[in-house]
Amino acid sequence: MPRYELTLIVKAMQRPETAATLKRTVEALMERGAVVRALESLGERALPYKISKHNVRHTRGGYFLVDFYSSPKMLPAFLDHLKRDVDVVRSTVLRNEEKETGSARCCVREPPSAK
Amino acid sequence: MFHVVRSPAPLFRLLSPRGGVLVEAVRGRKSRNDPKAKSKADRVKLPPRIDPEEMVVLKERYEQYDLVVRALRAEFKQEIVRRRYENEVGSRAEERAKREAEEHRALMEWNDRENLRLRQLRVIRIQKQVEEEAKKRAEVVSLREEKRQSVLREKEKEILQLQEEVKTFITTENLEQRIEEALDNPKNYNFAIDKEGRIVKRTALP
């Protein structure tokens, strides 16, 4: 199964409500047969620009990352479901490759000397 | 009647003696059946006059000469015939046959020896080739086997790793706990880097 990463921006809320939103989201994922690997928070921050969603203008939001494995077929349905969630400001699902070593070669091999 | 002929056919020129011209009997204005001329009506053609004594002497000499030449000719002819006869049938024939048989045998022997030698070389060569091939095939097989083994080992390692990681996955039971944990430890992936390559991970959140 391919591995995906869901970047979630939720409305700036109190802690129990945020927890409830996250719980809802993760359960929606697991319902559709995904295996959730990890859940990370990037804190509550100011959004880079004001976002209007569901008739509300957001200035701050909570950023969360969800690693999961799932079938690609259920992703459109899931994104659709997230669009309808009032508390979710923005969601993006990206492919997360399993291999870390090997092909990715950085141009900056070693730190350049005194320049 | 005897005309000097500048013959149109150049072949005659070639056969004629150097500097000479060809004289041949050519009918001039008259053909065969034309009547004789009046001035030539009484002409009697006589053969050349011969001297009888001269004739006798000449005849004798010619007979002797002829005899000798004929004898020589016959002699030479017979020699040739005899030589040919002896070559095919006769004393020389046997020697020749023997010699040829000998040569034939020698050559056949040489041929056989050569064949034997070459065959031995060939056998050795083919053996070596077969061995080489077998070795190469064995090598290929062993290489493939090794590759397969290594791939298998890789996969096993991955599986084991995954099995370890499975323990950290989120399930319905530890969902709430994990949410609390996540909310308590916000992670920050931002960093700054300068041209010297120094990384700074401590950035302020807006």
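**Exercise 1: the cores**

Find the residues with the most contacts inside the largest nonpolar core.

Solution. The largest nonpolar core holds 26 residues, and those with the most contacts inside it are L6(A), L8(A), L29(A) and F68(A). A nonpolar core is a set of buried Ala, Val, Leu, Ile, Met, Phe, Trp, Tyr and Cys residues joined through side-chain atoms within 4.5 Å. Buried means under 20% relative accessible area, exposed over 50%, and partly exposed in between (1.4 Å probe, protein chains only).

Next, list the elements that give two or more residues to this core: β1 (3-11), α1 (15-31), β2 (35-53), β3 (56-69), α2 (75-84) and β4 (88-95) of chain A, together with α4 (175-184) of chain B. Helices (H or I, at least four residues) and strands (E, at least two) are DSSP runs, numbered from the N terminus. The largest share, 5 residues, comes from α1(A). A second, separate core has 7 residues, including L42(A), L47(A), Y63(A) and L65(A).

The model is predicted: local features need pLDDT of at least 70, side-chain atom pairs count only at pLDDT 80 or more, and totals for chains, interfaces and linings use all residues. Residues are numbered from 1 along each chain as its sequence is written, chains are lettered from A and ligands numbered from 1 in the order in which they are written, and side-chain values use heavy atoms, with hydrogens and water left out.

**Exercise 2: two helices**

Describe how α1(A) and α2(A) pack.

Solution. Start with the geometry: the angle is about 160 degrees and the axes are 11 Å apart. Axes are lines fitted to C-alpha atoms, for helices over the stretch in contact, and angles run from 0 to 180 degrees between N-to-C directions. α1(A) and α2(A) are therefore roughly antiparallel (an angle over 145 degrees).

Then find the residues that meet: T25(A), A28(A) and L29(A) from α1(A), and F78(A), H81(A) and L82(A) from α2(A). Contact means heavy atoms within 4.5 Å. These residues divide into 4 nonpolar, 2 polar and no charged. Here Ala, Val, Leu, Ile, Met, Phe, Trp, Tyr, Cys and Pro count as nonpolar, Asp, Glu, Lys and Arg as charged, and the others, Gly among them, as polar.

**Exercise 3: a loop**

Is H54(A) buried, partly exposed or exposed?

Solution. Locate H54(A) in the loop between β2 and β3 of chain A. H54(A) counts as partly exposed because its relative accessibility is 32%. Its phi is near 55 degrees, a positive value in a residue other than glycine.

How values were computed
Parallel < 35°, antiparallel > 145°, perpendicular 65-115°, else oblique.
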